Amino acid sequence: MSEHPEGTHVGTQGESPAEIIGLRNRLRAQWRAQSMETRIGASLGATIALAILLFFVDHALCVAVLTISALYWMRRLPPLPWRIAAQAVLVALFLIFGPRSFAAVLAIGFALFWVPERRRTWVMPLTALVLAALYPFYQDKMFTIPVFGVWPDVFTAVIMLVFVMMAVGLNIVVGYAGLLDLGYVAFYATGAYTAAWFASEQFAHTTWHLGAVGIDPKLPGIHITVWPLLLLAGIITAVFGILIGLPTLRLRGDYLAIVTLGFGEILPQVARNGDSLGGFNLTNGPNGITPLDSPGFGHGISKATGGFLPANFTACCNAKVLGHVIQSTDVYFWFAILLVIITIFCSLRLQYSRLGRAWIAIREDETAAAAMGIPLMRTKTWAYASGAFFGGVAGAYYAVFKSATFPGDFFFNISVFILCMVILGGMGNLTGVVAGAAFLAYLDQEGLANTGAWINTNIHIGSHHPNIDVPLYASGIYGLIILIVMLFRPEGLIPSRRRAAELHEGVHDEPLYEAQHAGAEA
Amino acid sequence: MTADASAPALGTRFRRPSFVGAIGMLFVVLVVVLLIKELTVSPSQFFQTTLIGVTNGAVYALIALGYTLVYGILELINFAHGDVFMLAGMFAITFSTHFFGLHHGQGFAIVPIVFATLLLTMAACGAINATIEFVAYRPLRGAPRLAPLITAIGVSFIIEDIGLAWKGPTYVNAPDVFPHSNVFSVGGVDYQWNHLIVVLITIPVLLALLYLVQRTRQGKAMRATAQDKDAAAIMGINVNRTISFTFLIAGALAGAAGTLYALWATTVRFDQGFQLGLIAFTAAVLGGIGNLPGAVLGAVTIGLIQAWNEGLPWHMPGSDWTESIVFSILILILIFRPEGLLGERTPEGG
């Protein structure tokens with residue numbers, strides 16, 4: 001190898017991804033040079049061919065492809081009456097033949113489409129919120145999605161919301177401040193264990209109650225009712241984040257990532273081995289801490305609000321509203337939505353605050369930010385503390401929801417899983433992060449299993465069915481998502497405009513050797 | 001940090017002792033006192049575990065060099081490296097048992113088989129590592145620093161699942177072919193051949209690497225690229241090809257480490273690459289990342305610490321805490337001495 005003179009082998013390395021992108025651009029230019037009729041004809045032909053092909057695999061998928069292409073062409077039909085007519089026809093078709101629930105979804109979508117642009121900024125989130133809040137009422141009436149199967153049940157939805165909260169928290173650290181945190185699971189674990197310590201019989205040698213509901217007031221251990229508990233978990237986790245941050249935040253980006261990863265590995269081990277720390281049982285070891293107290297408002301508040309706020313979540317309700325018997329999971333779900341709203345609100349306010357602008361400045365150019373008088377350490381530590389706070393609250397709520405905390409829940413995979421949510425949705429963009437987190441958490445809980453089942457039944461060669469255990473490869477799938485997104489759309493699916501520009505144009509000058517490489521090929 | 005991938009830069013410059021440095025020294029002194037106590041409690045066990053630690057360290061050194069080579073040239077922590085190491089173990093088991101029919105009790109016939117396996121695995125892993133660079137890191141050369149780091153985590157997970165899909169979620173067993181007879185047995189301290197063989201194979205590989213980096217034209221190109229990519233390009237070095245070559249070499253080292261580990265420990269599992277990779281990365285940081293002799297020193301240190309922790313009789317935390325100790329070392333080193341034991345202090349402060 002060493003005998004070759006360097007520099008004489010330029011351009012002999014085959015197609016690099018840059019060249020593939022070049023080829024893509026050339027093909028795109030050629031496609032645009034064709035006449036309109038050719039392009040429409042070719043697209044329609046390809047769609048119909050695809051639909052026919054899919055018809056043999058799964059009828060529902062065929063209908064889905066046709067619907068999506070119909071929606072696509074509808075946006076291109078110019079005059080308004082035509083568009084209204086087409087939308088009405090589509091909704092009517094689904095009302096008559098197809099799943100009626102999908103007709104309802106379409107109708108709502110079309111209705112939103114007619115909302116004027118300037119009102120959409122508040123109409124869209126409000127609609128999303130109302131639809132989300134009503135989810136337990138219509139979940140069992142929803143259509144089956146091709147490939148992904150039935151809609152997630154309310155239990156899964158709670159977990160999705162918890163992960164949304166965590167992703168929004170991580171987004172503060174990674175998306176706003178640009179600090180790569182590979183040990184976010186440590187905050188999650190801190191929150192969960194704080195909740196477990198202060199709402200269970202773990203510390204049985206003391207007895208201290210603070211408004212705990214649904215348990216015997218003489219039960220040993222520390223018992224704090226859920227709402228102060230969540231706040232406490234958030235604050236303790238934030239303090240923990242500051243403690244981690246203070247010595248490490250002066251490190252450069254990738255070293256910081258490694259240190260956080262180190263903490264993320266140490267903490268679960270402490271949790272696992274924490275049943276005899278010098279003879280003291282801190283975490284109950286691999287058995288975890290369970291059960292936790294049930295959340296609730298207590299009988300006083302419940303009576304005062306006429307039973308609207310439940311006294312005790314787990315022994316709750318059974319009231320029939322709109323033909324749906326309200327379960328305790330539904331109550332957990334609604335309060336998770338409440339927490340998510342608070343998280344998103346705080347995140348939004350932080351983003352446009354003085355602190356949030358300082359974070360973005362640090363992310364884009366640390367040296368310049370410091371020169372402009374931004375105190376680097378303090379600003380970064382605040383990012384850490386805020387991110388940790390939401391991670392802690394999310395962890396605590398999750399622990400309370402499951403009524404248990406196990407050290408096995410806090411592997412490195414979870415850190416990467418949450419990072420994957422932030423990256424997929426779009427670093428720094430709340431809509432993207434929320435959507436990415438909800439989707440990936442759904443995949444993790446139900447989606448992958450459903451997809452696997454679909455693949456194993458519907459795709460076969462002759463009578464040979466593949467028997468792939470798709471959820472087993474979950475982490476590889478997340479890895480693939482991370483890789484593909486970073487290579488082809490580093491700003492995420494729903495990007496923040498500012499971050500996209502940063503990632504595409506780069507914050508550095510174009511390196512010289514790239515130019516040399518390109519020049520040698522031309 | 002990247003300053004020089006080859007020259008053994010001993011920290012000869014005088015530095016005023018600082019508060020932080022004093023704490024660090026105190027820590028080291030405490031560890032030494034602890035070790036002397038251990039030595040007096042049970043000398044034979046101390047030397048026994050020390051020898052095991054050297055063997056551990058030899059394997060870690062091979063992995064750590066892969067991290068340090070790549071970091072030296074690209075300033076990228078190649079998370080996928082540990083998983084390439086895991087894949088190497090699987091390759092080694094497949095090649096040796098399926099292709100060459102390796103099994104227990106073949107006497108000296110194992111020598112050519114082991115060497116053929118070693119070379120084949122090194123070639124395979126070198127190719128894989130170079131491919132990873134080509135697909136996952138090269139398109140991101142101009143991107144912010146964290147972009148390739150995130151990609152590396154993604155690649156790491158993908159490779160882990162490739163191993164999972166290939167060999168399943170259980171431990172894959174290798175035939176236990178290295179002889180377990182004693183090399184020497186002095187005063188209750190036994191040293192077995194299977195440990196020595198690992199060290200004996202590691203040393204020539206390390207020497208070959210040092211020769212490659214310090215004495216050959218390609219090595220010179222690697223050092224130049226590590227120092228300054230633009231200047232290297234002006235001097236007519238094909239930077240992309242040099243980086244590919246570095247990944248090839250790093251992958252080959254992971255291949256050697258994987259082969260030795262698989263035949264020595266006789267089990268490989270899809271998820272062990274990440275853990276061992278992180279331990280080896282700690283070793284690279286401990287020695288001063290980007291510094292080849294430093295990586296070896298750090299790896300032996302970490303190997304010794306691990307063996308002492310797991311094997312010594314007197315008040316040691318034990319194997320439950322090995323990872324915590326290793327990662328604590330990583331964190332402490334990054335906070336107190338980010339340039340590592342042998343690295344040079346850079347203006348950025350690490």
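Domain bounds, as used in these legends, come from an automatic or database domain assignment. Please keep in mind that this is a predicted model.

**Figure 1. The two domains of chain A.** Here the assignment gives domain 1, residues 44-141, and domain 2, residues 154-505. The centres of the two domains of chain A, taken over C-alpha atoms, lie 32 Å apart. Where they touch, domain 1 of chain A contributes 8 residues and domain 2 of chain A contributes 10 residues. On the domain 1 side of chain A, helices α6 (117-133) and α7 (135-138) each supply at least two residues. The largest share of that side, 3 residues, belongs to α7(A). By type, the residues on the domain 1 side comprise 6 nonpolar, 1 polar and 1 charged.

**Figure 2. Chain A as a whole.** Stepping back for a moment, you can find 21 helices and 4 strands in chain A. The chain has 522 residues, of which 38% count as buried. Among the contacts in chain A with a separation of 6 or more, 68% link residues 24 or more positions apart.

**Figure 3. Helix α16 of chain A, from end to end.** This helix takes in residues 376-402 of chain A. Is α16(A) mostly covered or mostly uncovered? It is mostly covered, as 22 of the 27 residues of α16(A) are buried.

**Figure 4. A glycine in a loop of chain A.** Look for A:Gly178 in the loop that joins α8 (154-176) to α9 (184-197) of chain A. Why does A:Gly178 count as buried? The cut-off for a buried residue is 20 or more other C-beta atoms within 10 Å, and A:Gly178 counts as buried because it has 23 C-beta neighbours inside 10 Å. Leaving aside neighbours within four places in sequence, A:Gly178 is in contact with A:Ile362 and A:Arg363. The view also takes in A:Glu364, which is 186 residues from A:Gly178 along the chain, yet their C-alpha atoms are separated by 8.0 Å.

**Figure 5. Two helices packing in chain B.** Now we move to chain B, where helix α11 (residues 292-311) packs with helix α12 (residues 322-336) at an angle of about 145°. The axes of α11(B) and α12(B) are 10 Å apart, and their crossing is right-handed. Which residues meet here? From α11(B) come B:Ile302, B:Ile305, B:Gln306, B:Asn309 and B:Glu310, while α12(B) brings B:Thr322, B:Ile325 and B:Val326. Sorted by type, the residues of this contact are 4 nonpolar, 3 polar and 1 charged.

**Figure 6. Two positive phi values in loops of chain B.** The first stop is B:Glu75, in the loop between α2 (43-74) and α3 (80-99) of chain B. Although B:Glu75 is not a glycine, its phi is positive, about 55°. B:Glu75 has 17 other C-beta atoms within 10 Å, so it is partly exposed. The other stop is B:Thr266, in the loop between α9 (239-265) and β4 (267-268) of chain B. B:Thr266 is also a residue other than glycine with a positive phi, in this case near 60°. With 17 other C-beta atoms within 10 Å, B:Thr266 is partly exposed.

Methods:
Residues numbered from 1 in each chain as written. Chains lettered and ligands numbered in written order. Predicted model: local features only at pLDDT ≥ 70, side-chain atom pairs only at ≥ 80, totals over all residues. Expected span 1.5 Å × (residues − 1). Buried ≥ 20, exposed ≤ 12 C-beta atoms within 10 Å, placed from the backbone. Axes fitted to C-alpha atoms, helices over the stretch in contact; angles between N-to-C directions. Left-handed = near helix turned anticlockwise from the far one by under 90°. Contact = placed C-beta atoms within 7 Å. Nonpolar A, V, L, I, M, F, W, Y, C, P; charged D, E, K, R; others polar.
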